Amino acid sequence: VRVFAFDKTGTLTRGTPVVMQTLTLDCPPGAERCAACDDMLALAASVERRSEHPLAQAILAESEQRQLGHLYPAASEVTALAGKGVHGWVNGSRLTVGSHAHSHAAFDEHADLHAEIEQAEAQGHTVMLVSQGEKVLGFVSVADQLRNSSPAALRALKRLDAGYRLVMLTGDAPAVAEKMAAGIGVIDEVHAGLLPDDKLEKVRRLQEQYGLTAMIGDGVNDAPALA
């Protein structure tokens with residue numbers, strides 16, 4: 001094996017992200033929390049209630065901490081959008097909790113939030129937009145921490161053979177991925193914003209370029225690449 005391709009969330013990171021920020025278009029300037037962002041978070045939690053994804057668990061934990069679980073019933077007809085997010089129906093409205101890239105492509109109505117989203121991603125936060133119908137309500141940003149063992153493990157691989165190529169494959173935003181890779185210090189390539197099929201294609205290209213390749217990951221989004 002000459003190349004090791006690593007997923008990020010839950011593999012290099014702990015997989016236990018926490019909510020860092022909630023913001024809607026209706027939040028008062030400078031407010032860390034308001035009724036509008038609580039309502040958005042409660043809607044997001046109603047859609048994420050049946051998901052086991054680490055990002056969903058962060059939203060549910062924050063909703064529980066704010067005691068918002070009683071505001072909305074669990075969403076119906078919940079559908080996972082592989083590598084993009086999830087949507088379902090709440091009180092007759094279609095709710096979508098999706099990645100920044102997916103929401104931008106699908107709705108493209110969050111220009112007023114753009115600067116705040118860029119700032120959150122620059123800090124290493126993963127941003128999920130919450131949309132009701134075709135309208136973006138706001139976003140929830142979460143942050144995950146590197147596993148304590150990840151930098152040491154990858155550096156140990158490099159000590160075994162400096163020619164080993166270490167690659168990060170992630171569905172997260174490029175700014176988040178680059179910041180995480182910088183914290184590890186020995187990753188040779190970062191490929192971000194990948195859907196499950198994109199990860200599969202990257203692994204195939206690594207095999208073509210370098211030969212036998214190891215893929216390290218967890219979860220549904222990594223299954224095609226692992227297989």
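**View 1. The lining of the second largest pocket holds 8 nonpolar, 4 polar and 4 charged residues.** Nonpolar here covers Ala, Val, Leu, Ile, Met, Phe, Trp, Tyr, Cys and Pro; charged covers Asp, Glu, Lys and Arg; the others, Gly among them, are polar. The model is a predicted one, in which local features need pLDDT of at least 70 and side-chain atom pairs count only at pLDDT 80 or more, while totals for chains, interfaces and linings use all residues. Residues are numbered from 1 along each chain as its sequence is written, and side-chain values use heavy atoms, with hydrogens and water left out. The space in the second largest pocket is about 230 Å³. A pocket is an open set of points on a 1 Å grid over the protein atoms alone, with protein on both sides within 12 Å along at least five of seven lines; a cavity is a set of points where a 1.4 Å probe fits but cannot get out; lining residues have an atom within 4 Å of a point. Volumes are the space filled by probe spheres set on the points, with grid points joined across faces, edges and corners. Of the 16 lining residues, Gln21, Thr22, Leu23, Ala31 and Glu32 lie nearest the centre of this pocket. Strand β2 (residues 18-24) gives the largest share of the lining, 6 residues. Helices (H or I, at least four residues) and strands (E, at least two) are DSSP runs, numbered from the N terminus.

**View 2. The largest pocket contains about 1,200 Å³ of space.** Its lining has 44 residues, and nearest the centre lie His53, Gly83, Lys84, Gly85 and Asn221. By class, this lining has 19 nonpolar, 15 polar and 10 charged residues. Elements that supply at least two residues each include α1 (35-48), α2 (54-65), β3 (76-81) and α7.

**View 3. An open sheet of 6 strands runs in the order β2-β7-β6-β5-β4-β3, with antiparallel pairing.** Two strands pair if DSSP finds at least two bridges between them. β2 and β3 are at the edges with a single partner strand each, so one side of each has no neighbour in the sheet. Neighbouring strands are turned by 20 degrees against each other on average, direction ignored. Between β4 and β5 there are 6 bridges, and Val90 stands opposite Ser93 in β5. Helix α1 packs on the sheet and touches β2, β3, β4, β5, β6 and β7, at about 120 degrees to the direction of β2. Contact means heavy atoms within 4.5 Å. Axes are lines fitted to C-alpha atoms, for helices over the stretch in contact, and angles run from 0 to 180 degrees between N-to-C directions. Helix α4 (residues 114-122) also packs on this sheet, touching β2, β6 and β7, with its direction at about 150 degrees to that of β6.

**View 4. An open sheet of 4 strands has parallel pairing and the order β9-β8-β1-β10.** Its edge strands, β9 (189-191) and β10 (213-216), each pair on one side only. The average twist from one strand to the next is 20 degrees. Strand β8 (residues 165-169) is joined to β9 by 3 bridges, and Leu169 has His191 as its bridge partner in β9. Helix α7 (residues 196-210) lies across β1 (3-7), β8, β9 and β10, at about 165 degrees to β8.

**View 5. The structure holds 1 cavity of 30 Å³ or more.** The largest cavity has about 50 Å³ of space. Among its lining residues are Lys8, Leu55, Asp144 and Met180.
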